[in-house]
Every structure is written in structure tokens, then in C-alpha cells.
Amino acid sequence: MNKAFPTLLLAALCLQANAQSRPAGDEIDYLREHIKVMASDEFGGRKPMSVHERISINYIASEFRRLGLVPAYGESYFQEVREINTDTGVEKNRLQVRAAGGKLELIVEEDVTVWSHRNTDKVSIKNADIVFAGFGIDDPDYDWNDFEGIDVRGKIILSMVNDPGFYNPELFRGKNMTYNGRWCYKLEEAQRKGALGCLIIHNTAAASYGFDVCRNSKKSISLVGENENRDAMGLCGWIAEDAVRKLFKACGKDYDKAACEAQKPGFRAYSIGAKMNAVLNIKAEIGSTCNVIGIIPGSDLKDECVVVSAHWDHLGTGLPIAGDSIYNGARDNASGVAAMMLHARQFLNSTYKPRRTLIFAALTSEEGGLFGSQWYCEHPLFPLSKTAAVVNIDGAAPQARTRDIVVRFTGLSDIDEMMEIAAAAQGRYLNIINDDPGGYFYRADHFNFCKRGVPAVLAGGGNDFTDPGGRERTTWRETYHQPSDEYSDDWDFEGAMMNHNFLHAIIMMIDGRDEMPKWKPGAGYRRP
């Protein structure tokens with residue numbers, strides 16, 4: 001430890017002790033108010049590049065200004081992010097398939113949910129071969145190539161969600177999903193292979209969420225790539241597993257048997273003997289959305305920074321459920337933005353003077369594929385080599401008091417030791433979850449920083465409740481990507497404040513050290 005570290009560590013521990021011994025009513029009122037506003041129907045589900053974006057980002061920027069955060073871009077808090085927004089419709093609401101066993105129609109929003117990010121008004125799929133690609137993985141690090149020996153250009157790929165380790169602990173990282181298991185990787189790999197389209201085969205256990213989440217989370221937004229997205233893949237989407245069984249049966253094949261074969265080393269993709277026909281009508285708009293960024297300048301280490309982030313976006317309006325079509329996103333992630341703003345407020349109202357510049361980033365388009373954080377990492381305010389760490393907040397409330405705090409993935413950086421100290425100061429323990437079959441590590445904005453070499457904090461929540469009868473009204477699984485993710489006055493914030501103070505201490509400890517956090521050997525990441 002360096003000389004400055006014990007002083008800042010002591011300050012962090014005092015912060016934790018004070019937070020436990022005094023009422024946090026003012027802070028809780030602050031969180032309540034901002035969550036309630038940002039998750040209101042007036043904000044329309046906060047979808048980027050929609051009519052509700054401007055009210056969302058202006059609200060955050062006005063609060064940044066009121067708090068006293070310095071605008072990151074001259075007089076502006078806005079970092080423009082260039083994106084394409086598409087509205088995809090399928091003629092006759094069906095994908096038509098011909099196979100040896102006859103015709104089959106895949107009904108949109110029942111059997112499949114589809115979209116395209118191609119900058120065009122129409123995608124015509126005519127007699128396109130359908131290829132079963134297993135997991136759709138090509139990764140030499142795991143000696144796995146589902147595409148060996150087949151050309152899938154112009155074809156429609158079916159790829160299973162997750163990776164082989166989900167089914168065989170001897171493969172990949174066992175139940176710890178690799179990035180190869182994420183839905184976004186499947187689409188990226190299909191695009192690299194030149195496929196016309198890719199449908200990801202949904203399995204609730206392997207995906208960690210139901211097919212209703214896939215329908216509700218249909219992706220209409222993407223970053224603008226090369227050639228203005230005119231070469232983007234024509235068809236993207238999910239297909240229900242039962243629909244795949246019907247498709248294979250029409251081809252005289254057994255899907256469950258094929259899926260088992262795909263889980264074994266040496267599997268190779270193959271055409272299943274079916275052709276797809278469909279017409280996608282697309283309304284494409286290229287424009288910009290915004291990250292909202294404010295800063296607190298540092299002192300002796302002001303050329304380095306710590307990023308505190310939370311995504312402001314949600315799903316907007318969508319399929320009505322119980323008569324409600326607004327996906328308000330109260331927990332996900334109005335609560336995270338409110339918590340991020342509270343961190344800024346606490347720093348600005350305290351006598352503590354940060355050593356490093358503190359960056360508070362409300363990021364856009366997380367729901368579409370972590371695009372706001374990707375754009376920031378490609379256009380950072382400070383070089384990533386000078387970015388000490390990112391503390392990302394994705395879902396901060398409701399939460400009752402717990403004896404534990406959930407930490408996903410330890411053993412990656414020396415931030416582990418800081419988390420242990422901060423938890424102990426609250427009389428709590430770390431509930432370490434290193435098994436990650438659902439791929440949660442790759443599903444939040446911190447991951448874009450990690451893969452570019454910046455250590456991250458992924459912690460929050462808890463399961464060991466001090467009062468089992470006092471659990472929050474609903475769990476996140478029951479409201480995840482549903483219109484029911486709405487603010488309620490009966491939300492419990494006691495545990496949320498404990499978790500908030502835990503993260504505040506981590507930010508102070510990262511800021512207070514002479515040296516930036518280091519990756520541990522074998523973490524798989526390294527600083528740029």
C-alpha cells in the first residue's frame with residue numbers, strides 16, 4: 001500500500017460506519033424522486049432516438065448542471081452517438097419455409113421475433129438455404145469452429161444460445177458462459193461469415209430468460225457501421241425452440257438429437273434441407289442519440305479518471321401486457337441513474353477533494369447491445385490507459401437490507417480487496433458468484449471497458465435478508481423488461497442505501513491510491 005491509501009481507506013470506512021448509524025432519509029428521498037420522474041409515463045420508456053429521448057437526456061443534464069458537475073464537452077453535457085434506428089415489419093407476418101415434409105410458416109411474435117439493421121427499405125429472402133450452425137462459434141482459443149467446411153454466405157443460420165460449456169463442464173469454461181455464448185456474438189459471427197440472416201434458438205435455461213423477454217426486447221437500434229449499414233445482415237432474431245423442432249421435423253430430422261450432437265467437439269454446421277422465403281419491410285433512420293457526461297475535476301492526479309456509469313435508456317413502448325404498453329424501466333435503470341447522480345451529489349457536497357477526475361456518465365443504448373458504452377470507449381473523454389476503473393450501476397433499487405452483497409466475478413483485479421474491506425466495514429460479507437451460466441458479466445456496460453483493459457466493479461443486491469418478511473415487493477426477474485417495471489412508493493430503499501454506500505467507498509478507494517487498479521494474472525484482460 002502507498003502512503004495515501006490508508007487515509008482514503010479510513011475516510012471510506014468512516015463513510016460506511018456513518019451511513020449505518022444515521023438516517024439516510026435525505027438520500028432516499030433523492031433517489032425516490034428521480035426514479036419516480038424518470039420512470040413516469042411522461043418519459044415513455046426512455047427509448048433512444050424516439051420522441052422521448054430529448055426529455056430524458058435534458059432531465060439528466062439539467063440535474064448535472066444543478067448539482068454543479070462540469071460539462072464534459074465545452075458548454076455541453078452531450079456526447080453524440082451515431083446510430084441507426086429501424087422499424088422492421090414482415091409481409092404477411094410470416095417467414096415461409098419449404099422442406100421435404102411440406103410447407104411451414106413461422107409466425108412473427110409467436111414462433112420468431114425478427115429485426116434488421118440494414119439501411120434499406122426492403123430485404124427479400126428468396127429460397128435461402130437454412131443452416132444449423134450448432135452454437136455458431138468460431139474461436140481458436142477453444143479449438144472450436146462450427147463453420148469449418150461450409151460456406152454460409154447468403155444463407156440463414158440457426159444458432160443455439162449459450163456455449164458448449166453449459167452442457168459439458170469439460171468444455172469452454174463450464175457453466176461460466178464465455179462471450180461466445182451471448183446472443184450478440186452469434187449475430188456478429190454470422191455477419192462476419194457473410195450470412196444473409198441468423199436466428200438464435202431460444203432455450204429458457206440456456207438464455208436465463210423466457211421467450212417473452214426476447215419478444216419484448218426486439219432490437220431496433222444499432223451503431224452505424226461501415227457503408228452506412230447498407231451491408232448489415234438482412235435478418236436477425238430469435239426463434240422459439242418448439243418452432244425449431246417443427247422445422248426439423250418437416251425436414252425429416254430430430255432437433256433434440258441434433259442439439260446433442262452440436263454440444264460435442266468436432267460438430268460441423270450443415271444445411272437442414274429447407275428453404276426460407278420472406279420479405280422484410282424496413283423503415284431506417286440514421287441519426288444520433290446521446291451519452292450525458294459531467295465531471296468533477298481531480299487534483300494531483302487530474303489527468304487520470306474514474307468513471308461512474310449507468311445507462312439511462314430502456315425499451316420505450318412495445319407489446320401491451322395487461323393493457324400496458326409503456327416499458328418504464330424503473331429498476332432497469334432509472335434507479336441506477338438516480339444512484340449515479342446521488343454519488344455526484346455526495347462528492348460535491350462533501351469536503352473530500354478527488355485526486356482523479358471523476359466522470360459521471362449516463363450512457364445510451366445499453367438495451368440494444370451496450371452501444372453507448374462502446375461508443376464512449378471508442379471516443380473516450382480520457383485515454384483508457386488513464387482510466388483507473390469503471391463503477392457501473394445497473395439496477396439499484398428496490399432492495400431490503402441484507403447481510404451480504406452480491407459480487408459477480410472476483411479474482412480479476414485488486415479491486416477485490418477494496419470490496420472486502422468495504423463490506424466488512426458494514427458488517428456484511430461478499431456473496432461471490434463466479435459461476436455465470438446466464439452470461440451476466442457480458443450484459444452490462446462495464447464489459448466494454450473490461451475488454452479494452454479497464455478494471456470494473458460489478459456488485460449490487462443481496463440475498464441474505466435481515467428480515468425475510470421484508471423483502472421488496474417484486475424481484476427483478478418478475479419485472480425484467482416488462483411494463484410492470486414501474487416505480488412504487490412502497491419500494492424498500494434501506495438495503496439500496498447500504499449498497500450505494502458500499503460503492504461510494506469503492507470509488508473513494510480507487511480514487512485515493514497512487515496507482516490505478518491492476519488486473520490479476522490469468523484475468524484475461526490487460527491495460528491498453
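In the predicted model, the axes of helix α2 (residues 25-38) and helix α9 (residues 330-348) come within 9 Å and cross at roughly 135°, where axes are lines fitted to C-alpha atoms, for helices over the stretch in contact, and angles run from 0 to 180 degrees between N-to-C directions. This angle makes α2 oblique to α9, given that angles under 35 degrees count as roughly parallel, over 145 as roughly antiparallel, 65 to 115 as roughly perpendicular and the rest as oblique. The contact (heavy atoms within 4.5 Å) involves D26, E27, Y30, L31, H34, I35 and M38 on the side of α2, and residues including A334, V337, A338, M341, L342 and R345 on the side of α9. Helices (H or I, at least four residues) and strands (E, at least two) are DSSP runs, numbered from the N terminus. Residues are numbered from 1 along each chain as its sequence is written. Because the model is predicted, local features need pLDDT of at least 70 and side-chain atom pairs count only at pLDDT 80 or more, whereas totals for chains, interfaces and linings use all residues; side-chain values use heavy atoms, with hydrogens and water left out.

Strand β12 (residues 235-240) is largely enclosed by the rest of the structure, because six of its six residues are buried, that is, under 20% relative accessible area, with exposed meaning over 50% and partly exposed in between (1.4 Å probe, protein chains only). Both faces of β12 are covered, with L235, G237 and I239 buried on one side and C236, W238 and A240 buried on the other. Strand pairing (at least two DSSP bridges between two strands) joins β12 to strand β5 (residues 112-115) in the antiparallel sense through four bridges, with V112 opposite I239. Strand β10 (residues 197-202) pairs with β12 in the parallel sense over six bridges, and I200 stands opposite W238.

Helix α4 (residues 183-192) is likewise mostly covered, seven of its 10 residues being buried, among them W183, Y185, L187 and A190. The buried residues of α4 pack against β5, β7 (138-139), β9 (156-160), β10, β12 and α10 (366-369). The helix is followed by G194, whose phi is positive, near 85°.

As for the cysteines, the structure holds zero disulfides, a disulfide being a pair of cysteine sulfur atoms within 2.5 Å. C251 is in no disulfide, and the nearest cysteine sulfur, that of C198, lies 17 Å away; C251 is buried, with a relative accessible area of 13%. The sulfur of C377 is 9.4 Å from the closest cysteine sulfur, in C450, which is too far for a bond, and C377 also counts as buried, at 6% relative accessibility.
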